[in-house]
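Subject: Structure handover

Hello,

Here is the structure I promised to pass on. Please open it first, then read my notes below.

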Amino acid sequence: MEANGQYANSKPCHKNEKHGCGCREDVPEVMHRPYVQTGYRRIDQPLYYYVKSVFQRNNEAGNFWTHFLPFLYFAQRYIRMYFIYGNVPYALPFYAHGIGTCYLLLCSSFAHMLSARSKTSCQCAFAIDFAAIYTYGVGMKVPLEFYLCPTQHYWDVSSSVALTIFAVYCACALAASFYASENSWKSAIALSIGLYVVGTAILYGSCMLRYFISDAGFTSVEPMDTYHVSQAVGHHLSLHFFEQLLYLTIGLVFQASNIPERFSSRTFDIFGNSHQFFHLATAMAMYAQSLMLELVVIEIKGKYHGGHFLNDELISMSLGETIGQFLLSIVLTHFVVYLYWLYLRKGEKPKTS
Ligand SMILES: [Zn+2]
């Protein structure tokens, strides 16, 4: 029926002049979405054309809103959380997750809004989106490190060193993904996701699985005892953890399979295509993570009185170790994006598909 994300024997595309949209062949190849034939915005337009376009009928408006509305939700949620828990050390890792979540959703929304301006703006917009995915990863790892899976519990490495290693690893993986984009964005995305999963699995995967599988009663290994999460709360954490995995899996299946648009030419070009389902599934996964982490914060809050923990339970979380690690990853990954932008500007245009 089709090859390389394109339908064979496609009917001629009728431009939607009213909404200023064109067809697949009207835009550079790097902007082509698999199986999406219509709804492509014009290139080389002024900025306001692209801002206005998110309120119009085209193939990126849905991608914008499926991450921008979750951004608004998470922004108000974490601001509300800040007023509830305040500026206390034990909540800092939770806030790092909040900043990472909002930053990724915002970058993704704006990448979809502005990507159609030119070939270079498309590559740069999604390069920043990739960087935000990695910094979000660090924003997620900060609470895991301090709340549930401290690396030093397994290896002789402090939390700060482990997080710095992960931030540097993310920057290197990002650089490798950009290098792979010389062949195609598809291979860049595959490499990016692959390296991210490998890095996460090495640093945290075994700990997380051991923690949650033991809570579910599948092994006789004791759950992590470092932070005294009660069994009842631990059980709820497990539910949110597996809920998050389920949503991520659903999202990746949609993204990788291009369902439903691969089965019906043009029907899902504007609404209901796989990338929109992918966005919604990732937002749901973020919500499950956020609920999971908030449970830990509530648990710790109950043990925190007057700047100290009861039962000599001391958790050292400084601004530098938590939000600082997240900012370090922002600087490193965006420096890689900057180098990539310089490379594009030099005119050594990567081949894309
Ligand atoms: Zn997207």
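Start at Tyr35, in the loop between strand 3 (21–23) and strand 4 (38–41). The model is a predicted one, so please keep that in mind throughout. Tyr35 is not a glycine, yet its phi is positive, at about 70°. Most residues other than glycine have a negative phi. Is Tyr35 buried or exposed? It has 24 C-beta neighbours inside 10 Å, so it counts as buried.

You will find Asn258 in the loop between helix 7 and helix 8. Asn258 has 19 C-beta neighbours inside 10 Å, and therefore counts as partly exposed. The cut-off for buried is 20 or more.

The peptide bond that joins Ile259 and Pro260 is cis, with omega about 15°. Most peptide bonds are trans.

Now the overall picture. The protein chain has nine helices and six strands. There are 353 residues in the chain, and buried ones make up 41% of them. Take the contacts between residues at least 6 apart in sequence: 71% of these join residues at least 24 apart.

Next, the core. The largest nonpolar core has 73 residues. Which of them touch the most other members? They are Ala127, Ala131, Tyr134, Val138, Phe166, Cys170 and Leu174. Two or more residues come from each of helix 2 (61–85), helix 3 (92–114), helix 4 (119–148), helix 5 (159–180), helix 6 (185–215), helix 7 (231–257), helix 8 (274–301) and helix 9 (323–345). Helix 4 gives the most, with 18 residues.

Look closely at Ala127. Leave aside its neighbours within four places in sequence. Ala127 is then in contact with Phe178, Val337 and Tyr340.

That leads to the helix pairs. Two packed helices are described by the angle between their axes and the distance between the axes. I have two pairs for you, and helix 9 is in both.

Helix 4 and helix 9 come first. They pack at an angle of about 160°, with their axes 9 Å apart. The two helices are therefore roughly antiparallel to each other. Their crossing is right-handed. On the helix 4 side, the contact includes Thr120, Gln123, Ala127, Ala131, Tyr134 and Val138. On the helix 9 side, it includes Gln325, Phe326, Thr333, Val337, Tyr340 and Trp341. By class, this contact has 14 nonpolar, eight polar and no charged residues.

Helix 5 and helix 9 are the second pair. How far apart are their axes? The axes are 9 Å apart, and the packing angle is about 20°. Helix 5 and helix 9 are therefore roughly parallel to each other. Helix 5 passes helix 9 in a right-handed crossing.

Two more residues deserve a look.

Ser192 lies in helix 6. It has 21 other C-beta atoms within 10 Å, so Ser192 is buried. Not counting residues up to four places away in sequence, Ser192 touches Phe130, Ala173 and Ser177. Leu174 is 18 residues from Ser192 along the chain, and their C-alpha atoms are separated by 6.6 Å.

Thr66 lies in helix 2. With 22 C-beta neighbours inside 10 Å, Thr66 counts as buried too. What does Thr66 touch, not counting residues up to four places away in sequence? The answer is Gln276, His279 and Leu280. Thr66 and Ala283 are 217 residues apart along the chain, and their C-alpha atoms are separated by 8.4 Å.

That is the handover.

Best wishes

Terms used:
Residues numbered from 1 in each chain as written. Predicted model: local features only at pLDDT ≥ 70, side-chain atom pairs only at ≥ 80, totals over all residues. Core = buried A, V, L, I, M, F, W, Y, C linked by C-beta atoms within 7 Å. Buried ≥ 20, exposed ≤ 12 C-beta atoms within 10 Å, placed from the backbone. Helix = DSSP H or I, 4+ residues; strand = E, 2+ residues; numbered from the N terminus. Contact = placed C-beta atoms within 7 Å. Axes fitted to C-alpha atoms, helices over the stretch in contact; angles between N-to-C directions. Parallel < 35°, antiparallel > 145°, perpendicular 65-115°, else oblique. Left-handed = near helix turned anticlockwise from the far one by under 90°. Nonpolar A, V, L, I, M, F, W, Y, C, P; charged D, E, K, R; others polar.
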